[in-house]
Amino acid sequence: MNACKSRPFSIDQASAGATIYARHAYDTAVSTTLEIVGEPSLPEVKMHLVAPNAPATARVTANDLCIKGRSSSYVRHVCIDLAGTPMAAQFHAGQSFGVVPPGNDHQGRPNKVRLYSIASPTWGEDGHGQIFATTPKRLISEEMITTPGETQAHPQLILGMCSNYLCDLKPGDPVQVTGPSGKRFLLPTDPSKHDYLFLATGTGIAPFRGMLQELLAGPPAGSPWQKSWTRCGSRVELLMGAPYNTDLLYDQEIQDLANSHNNFHYHPVISRERRADGGKGEYVHQFLERHLDAFKDMLQNPRTLIYVCGLAGMQIGLFRLLAAKGLSAHYLTIDESIRDIPADQWSDEQIKRRVRHTHRCMIEVY
Ligand SMILES: Cc1cc2nc3c(=O)[nH]c(=O)nc-3n(C[C@H](O)[C@H](O)[C@H](O)COP(=O)(O)OP(=O)(O)OC[C@H]3O[C@@H](n4cnc5c(N)ncnc54)[C@H](O)[C@@H]3O)c2cc1C
């Protein structure tokens, strides 16, 4: 898919809160066509090569904890060998895939497919696109359940079916996979044309791990991707939200990337602990607001793309902030019905219903 189509230079809808059209920064003197400023051109990607009703058998090659310290949440880095399946070497960083757990659900129906983000670059963990990784978090919760014959509900431990199945798999175990899926949450065809603001919470870090390797680290020796890869020198900022410092994922790996690439900055944002300066814990959009001076130029720059991945609802605070600070033009379209209301007074419901993100703001929340 090429999202960067040429359009006539007649529309300036910026004042209406819509996409800005203007002469492209790298438009040549002879060119008579114009492109939407900053719109990313995304690669064509394969999707649904393996359907949920006929999953392919892949094999687990590794399964390790990937949280920084001791924590009450359990998140693992699971590597899966796709060799011999139609998905081998056919996925992109940022895409997801499906897992079909064996057996039946709590209502006796065959288990349905669940989606998981690919945490690897396009060349996979092995450099040849045969092995990819994902980052499942064990779903452990409590529900009020009324058992048959009883009138009163009682609290009952619920272990998420697929996440716990994935986290329990051992190297060598088979796993039924589907996909890949997703054609919007991708790095652009030419990454050097953009700067990147990545916002993650929890397992939302998974696609960014793959993208960071793709932008900065590059394929390992012997990978066929080595010939075409060049390091991306663009500005890359990652805000990683977690409740506690010990819940950070892939922390050392990301820290190492930040230490060796001065165009990349890693900002862990902790919500339930006091900050080093004594301030209260905060969420990623609150961190962004507190440091807005450092991010403002970037957010106004037509090169910039925002990617948001993680907890459903995390985009609401970002949307409110961008609109309240007059920084939404590139990233949001705002319905007329709320344009006269100050953005910091928008309800969550109004944002969900009346604010849409543009192609320069990619959202993957679940
Ligand atoms: C695009 C996309 C990417 C994703 N990427 C990731 C990722 O990288 N990592 C990750 O961890 N997750 C990811 N997810 C979420 C993932 O797909 C699953 O939703 C998650 O792992 C929970 O699935 P589960 O089978 O463990 O839970 P389920 O068994 O499906 O349980 C889900 C909920 O159902 C209810 N429930 C379950 N059993 C019972 C019962 N016996 N009685 C009553 N209620 C019950 C509970 O409310 C429970 O919280 C992603 C989702 C999407 C859409």
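A: The account below begins with conventions and then turns to the core, the sheet and the helices.

The model is predicted: local features need pLDDT of at least 70, side-chain atom pairs count only at pLDDT 80 or more, and totals for chains, interfaces and linings use all residues. Residues are numbered from 1 along each chain as its sequence is written, and side-chain values use heavy atoms, with hydrogens and water left out.

The largest nonpolar core has 42 residues. A nonpolar core is here a set of buried Ala, Val, Leu, Ile, Met, Phe, Trp, Tyr and Cys residues joined through side-chain atoms within 4.5 Å. Buried means under 20% relative accessible area, exposed over 50%, and partly exposed in between, with a 1.4 Å probe and protein chains only. Phe198, Phe208, Leu238, Phe264 and Tyr307 touch the most other members. Two or more residues each are given to this core by strand 7 (131-134), strand 11 (195-201), helix 2 (206-217), strand 12 (236-242), helix 3 (251-260), strand 13 (264-270) and strand 14 (304-310). Helices (H or I, at least four residues) and strands (E, at least two) are DSSP runs, numbered from the N terminus. Helix 2 gives the largest share of this core, six residues. Because domain 1 (56-181) and domain 2 (184-365) both give residues to this core, it lies between them; the domain bounds come from an automatic or database domain assignment. Apart from this core lies another, of 31 residues, among them Leu197, Ile306, Ile316 and Cys361.

Leaving aside residues up to four places away in sequence, Leu238 touches Phe198, Ala200, Ile205, Phe208, Leu212, Ile254, Phe264, His265, Tyr266 and His267, where contact means heavy atoms within 4.5 Å.

Five strands form an open sheet in the order 13-12-11-14-17, with parallel pairing; two strands pair if DSSP finds at least two bridges between them. Strand 13 and strand 17 (361-365) stand at the edges, each with a single partner strand, so one side of each is left without a neighbour in the sheet. The twist averages 10 degrees from one strand to the next. Angles run from 0 to 180 degrees between N-to-C directions, and axes are lines fitted to C-alpha atoms, for helices over the stretch in contact.

Strand 11 is joined to strand 14 by six bridges, and the two run parallel; Tyr196 has Leu305 in strand 14 as its bridge partner. Six bridges also join strand 11 to strand 12, again in parallel, and Ala200 stands opposite Met240 in strand 12. Strand 14 and strand 17 pair in the parallel sense over five bridges, with Cys361 in strand 17 as the bridge partner of Ile306. Both Ile306 and Cys361 are among the residues of the 31-residue core.

Strand 11 is mostly covered, with seven of its seven residues buried. In a regular strand the side chains alternate between the two faces of the sheet. In strand 11, Asp195, Leu197, Leu199 and Thr201 point one way, while Tyr196, Phe198 and Ala200 point the other way. Of these residues, Phe198 is listed with those that touch the most other members of the largest core, whereas Leu197 belongs to the other core.

Helix 2 lies across strand 11, strand 12, strand 13 and strand 14, running at about 155 degrees to strand 11. Helix 2 has 12 residues and reaches 16 Å from its first C-alpha to its last, close to the 16 Å expected at 1.5 Å a residue; the expected span is 1.5 Å times one less than the number of residues. Because 11 of its 12 residues are buried, helix 2 is largely enclosed by the rest of the structure. The buried residues are Ala206, Pro207, Phe208, Arg209, Gly210, Met211, Leu212, Gln213, Glu214, Leu215 and Leu216. Among them, Phe208 and Leu212 are touched by Leu238. Just after helix 2, Gly218 takes a positive phi of about 85 degrees.

Helix 3 lies across strand 12 and strand 13, and its direction makes about 145 degrees with that of strand 13. Ile254, in the range 251-260 of helix 3, is one of the residues that Leu238 touches.
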